[in-house]
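Please read the following note with the sequence and the model open beside you. The points are numbered so that each can be checked in turn.

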Amino acid sequence: MTKTAKGSLLYLDGVSVAFDGFKAINNLSLVLEPGEMRAIIGPNGAGKTTMMDIVTGKTRPDTGDVIFDGEVDLTRHDETDIAALGIGRKFQKPTVFESHTVEDNLELALDRRRGVFATLFYDQTQKDREAIDRILETTRLTARRHERAANLSHGQKQWLEIGMLLAQNPKLLLVDEPVAGMTDAETEETARLLREIAQNHSVVVVEHDMGFVRELDVKVTVLAEGSVLAEGSLDHVSNDSKVIENYLGR
Amino acid sequence: MITSFVFKALDRRAIWVIAVLVGLAVLVPLLNLALPAGHPLHVPNYAISLMGKYLTYALLALALDLVWGYCGILSLGHGAFFALGGYAMGMYLMRQIGARGVYGDPVLPDFMVFLNWQELPWFWYGFDQFWFAAIMIVLVPGALAFVFGWFAFRSRVTGVYLSIITQAMTYALLLAFFRNEMGFGGNNGLTDFKDILGYAIQADTTRAALFSASALALAAAFLICSGIVRSKFGKVLVAVRDAESRSRFFGYRVENVKLFVFVVSAMMAGVAGALYVPQVGIINPGEFAPANSIEVVIWTAVGGRGTLVGPIVGAVLVNAGKSVFTAAFPEFWLFALGALFVAVTLFLPKGIVGALSGLATRRPRRPAPVIRDAAGEAAE
Ligand SMILES: Nc1ncnc2c1ncn2[C@@H]1O[C@H](COP(=O)(O)OP(=O)(O)OP(=O)(O)O)[C@@H](O)[C@H]1O
Ligand SMILES: [Mg+2]
């Protein structure tokens, strides 16, 4: 199995998971190359979020291989381990630490040692401050750095969470519906941000917004009923008869 | 490293609290010992022990606040750690009695002679030495918290389920300590103490010293708690409290985070129990009663959880109220306590200190800074 996984960043093969007999993921296979950015689209309930749950250790697959970096079997690790291996995740519903300030959220996400004693005796260095400043700039949250995250608008929370992923600096980012509930202007800005991130990270983006996916201009995977329906450029998949029937045509 | 930890710990609030406690540790014994009994500022003897007892309760509530207020672990078993610390101190005090007991046995405490035991059980060894007892006072509660937390946090037991098993833990210990065969004096517990570190336990000076020790222990614990919550680790605690699963996806080992604070907190509770026992003169299995642990939660809620100062204020106020109330209408205390808890939950959800600091921060209202929000900027 690992033979075919070699050289890939993320390798899913024959993955299935059922909840009370309902197959949310059904014999799913997907390969992501290092440095690649991939968009995943598909109807509600297609299993997009569940796929991310499997990769990040929240849900264990019933069968199938999930290999990271060509060799690490992710099904043997829990959420914490997987985060430490270098996989970051943005949730469909933006999830930040609400009672912390924007700045503290970034400090917590920052790619530093996370052990009990390391954090107990942690002192913010000049380098850390600069990294946080840079991310605040990138996500346009500088003016709100001392604000509690709970007080941010929905769009700003989405951006803060993306900023936290930047701080975490993982090899692979899984981004679930980053523009849900955003205005057109915010959506455009988010596409810019993600393309910027994709320059030096591998990214998987789940999104319903076709305009947004077009803007990303990357390879697209269409999921439906827990497996891959089609794969290729957006134009290619949107002309696929199965895709039209199952998703776009509805 | 340590210095920056202490430096961060000493915010304005911590400096105030520590200054007040150190002040009390010096002043109250002076007012008790140096002034004649008729003097208006004289602190009577009974008051010293009473206040000393309140301070140990305050330390217990502070310990609970660290896990509950900051990490969301609602322990309903902290009374167990308190009682274990108390028993460790009680065992030392028992062995100090020596041949002065009713039966005059130089080694065996009275209750063992009464039960016809021939020799000291192995787990009583070493308790004739204060240093050994001092280690056990933190080690035993810490070890119990470690073992308990290891299993509970690893299996991701949270919320109500965790609270229930902490109750079960203290209840199991209550039943165990009631048994004579356990070797801790059974029903009667440990009492009739004579002296501590060579000083008569009933002496005015000893009582005053125990009061000071309680105040200083509380000050030290406050410094440690403040350092913990002000560090990055403290931010992790709050992150775990508010979004446990999210913090895992950022690579934090939630079970280790919880285990660490739980053990630190249990050790503090143990110290509180150890200071409590010589001041009240007895430790018995009743201290393990589940209701005791629940009372600590009420003190903390009344004072304001997640504030560190709140639980101290809450413990002192509620217990002072209890002393007054139980003298006047002993049957009604539990009803009054229940009513207080309900009232605080409804009208002061952040407790007394939370409500007061809410007022303080609201008053000097600065004009809100003009912020161009992200949407506005993006649209340009
Ligand atoms: N923990 C769970 N227990 C039971 N059923 C689940 C669980 N998680 C997901 N499901 C089911 O699995 C299916 C796939 O859900 P998933 O959230 O992965 O879809 P999605 O593609 O992300 O949809 P959306 O576009 O609405 O976010 C759904 O029918 C959902 O109800
Ligand atoms: Mg989804």
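1. Buried residues make up 57% of the 250 residues in chain A, where buried means under 20% relative accessible area, exposed means over 50%, and partly exposed lies in between (1.4 Å probe, protein chains only). The model is a predicted one, in which local features need pLDDT of at least 70 and side-chain atom pairs count only at pLDDT 80 or more, while totals for chains, interfaces and linings use all residues. Residues are numbered from 1 along each chain as its sequence is written, chains are lettered from A and ligands numbered from 1 in the order in which they are written, and side-chain values use heavy atoms, with hydrogens and water left out.

2. Chain A contains 11 helices and 10 strands, both being DSSP runs numbered from the N terminus (helices are H or I with at least four residues, strands are E with at least two). Its radius of gyration is 18 Å, close to the 18 Å that the globule rule gives for 250 residues, so chain A is as compact as a globular protein of that length. The radius is taken over C-alpha atoms, and the rule is 2.2 Å times the number of residues to the power 0.38. Along the principal axes, the C-alpha trace of chain A spans about 55 × 40 × 35 Å.

3. Of the contacts in chain A with a separation of 6 or more, 66% are between residues 24 or more positions apart, a contact meaning heavy atoms within 4.5 Å. The accessible surface of chain A comes to about 10600 Å², and 46% of that area belongs to carbon and sulfur atoms; such areas come from the Shrake-Rupley method with a 1.4 Å probe, and for residues only the protein chains shown count as cover.

4. Chain A carries 29 positive and 41 negative side chains, with the centres of the two sets 2 Å apart. Here Lys and Arg count as positive and Asp and Glu as negative, while His and the chain ends are not counted, and the place of a charge is NZ of Lys, CZ of Arg, CG of Asp or CD of Glu.

5. Which protein donors does the magnesium ion (ligand 2) have? They are Thr49(A), through OG1, and Gln92(A), through OE1, lying 1.9 to 2.2 Å from the ion. The pair links distant parts of the chain, 43 residues apart, since Thr49(A) is in helix H2 (residues 48–55) and Gln92(A) is in the loop between strand E6 (87–90) and helix H4 (102–109) of chain A. Donors are N, O and S atoms within 2.8 Å of the metal (3.2 Å for Na, K and Ca), and water is not among the atoms, so sites may look incomplete. Thr49(A) counts as partly exposed at 28% relative accessibility, and Gln92(A) is also partly exposed, at 36%.

6. Two backbone angles in chain A deserve a look. Most residues other than glycine have a negative phi. The phi of Glu177(A), however, is positive, near 45°; this residue is in the loop between strand E7 (172–176) and helix H8 (184–198), and is buried at 9% relative accessibility. Asp217(A) has a positive phi near 60° and is placed in the loop between helix H9 (210–216) and strand E9 (219–224), but Asp217(A) is exposed, with a relative accessible area of 66%.

7. Chain B has 16 helices and 4 strands. The radius of gyration of chain B is 23 Å, close to the 21 Å that the globule rule gives for 380 residues, so chain B is as compact as a globular protein of that length. Of its 380 residues, 51% count as buried, and 69% of its accessible surface of about 17400 Å² belongs to carbon and sulfur atoms.

8. Met94(B) is in helix H4 (residues 78–97) of chain B and is buried, at 8% relative accessibility. Leaving aside neighbours within four places in sequence, Met94(B) is in contact with residues including Phe111(B), Trp124(B) and Phe193(B).
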